[in-house]
Amino acid sequence: MLTVWGRNNSTNVKKVLWCLEELGIDYQRIDAGGQYGKLNDPLYRALNPNGLVPCLQDDDFILWESNTIVRYLAAQYGENTLYLPEAKQRAAAEKWMDWATSSVVEPFKAVFIGLVRTAPELQDKAKIAHGIEQLNTLMAIANEALSKQPYLSGDKFGLGDIPLGCLAYAWFNLPIERPQLPHLQHWYQHLTQRPAFQKVVDIGLS
């Protein structure tokens with residue numbers, strides 16, 4: 001059985017769990033990170049020297065970096081489902097995975113940590129406002145892409161939708177002003193109807 005190390009409210013862990021649920025793969029999850037600790041334990045550092053979550057154990061194969069884990073799971077277990085065998089089609093979908101991580105995560109963290117994980121009296125309002133402004137600009141980019149195709153992955157749901165889908169869950173549920181982005185909203189509504197999303201992503205903000 002596959003083992004995933006990481007707390008269930010971590011956005012990066014959610015990516016992996018969502019992929020596993022979509023693929024129908026049995027797995028166990030071990031709480032790690034946040035209030036659960038373990039990240040500096042010698043056992044965990046032997047698995048992931050970065051001391052971050054998630055980490056995947058597939059028998060004796062150990063893998064970290066959430067996007068890489070999702071790609072591996074799709075390639076190893078998702079033939080004819082999440083894995084796209086055609087290189088250009090696969091790259092077109094996967095670019096949104098890396099875009100979400102390289103462009104969206106930093107302003108997202110400023111907003112999410114600022115509003116959800118910081119006491120009101122300690123919140124940096126200017127930093128949060130700047131993060132919201134950046135997020136609105138970035139989400140508009142995704143909205144434009146989704147005006148031309150139903151999913152970031154193309155004609156159907158795929159790997160390219162998972163990272164931004166996890167971030168979009170918080171974005172749509174945070175108490176912030178959001179611009180009208182109808183294509184992004186339509187895409188997100190379709191994601192929320194997926195049983196795997198409902199099980200591991202739609203679990204409340206914490």
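This briefing describes strands, selected residues and cysteines in a predicted model. Local features require pLDDT of at least 70 and side-chain atom pairs count only at pLDDT 80 or more, while totals for chains, interfaces and linings use all residues. Residues are numbered from 1 along each chain as its sequence is written, and side-chain values use heavy atoms, with hydrogens and water left out.

**Annotated domain**

- An unreviewed UniProt entry assigns "domain: GST N-terminal" to residues 1-81; UniProt positions follow the numbering used here, feature names are shortened, and annotations may be inferred rather than shown by experiment.
- Residues 1-81 are 38% helix and 20% strand, and their end C-alpha atoms lie 20 Å apart. Helices (H or I, at least four residues) and strands (E, at least two) are DSSP runs, numbered from the N terminus.

**Strand pairing**

- Strand β1 (residues 2-5) runs antiparallel to strand β3 (residues 55-58), joined by three bridges; two strands pair if DSSP finds at least two bridges between them.
- Within this pairing, Thr3 stands opposite Gln57 in β3.
- Four bridges link β3 to strand β4 (residues 61-64), also in the antiparallel sense. Asp58 has Phe61 in β4 as its bridge partner.
- Two residues lie between the strands of the β3 and β4 hairpin, where Asp59 takes a positive phi near 55°.

**Leu39**

- Leu39 belongs to the loop between β2 (27-30) and α2 (42-47).
- With 18% relative accessibility, Leu39 is buried (under 20% relative accessible area; exposed is over 50%, partly exposed in between; 1.4 Å probe, protein chains only).
- Beyond residues up to four places away in sequence, Leu39 touches Ala32, Gly33, Tyr44, Arg45, Gly51 and Val53 (contact: heavy atoms within 4.5 Å).
- The C-alpha atoms of Leu39 and Asn50 are 8.7 Å apart, with the two residues 11 residues apart along the chain.

**Ser66**

- Ser66 is located in helix α3 (residues 66-77) and is buried at 8% relative accessibility.
- The Ser66 and Lys15 side chains form a polar contact of 3.0 Å (a pair of N or O atoms within 3.5 Å; within protein, one must be able to donate a hydrogen and the other to accept it, and residues adjacent in sequence count only if both atoms are side-chain atoms).
- Apart from neighbours within four places in sequence, Ser66 contacts Asn12, Lys15, Val16 and Pro54.

**Cysteines**

- The structure contains zero disulfides (pairs of cysteine sulfur atoms within 2.5 Å).
- Cys19 is in no disulfide, and the nearest cysteine sulfur, in Cys166, is 10 Å away. That separation of 10 Å is too far for a bond.
- Cys19 is buried at a relative accessible area of 0%, and Cys166 is buried at 2% relative accessibility.
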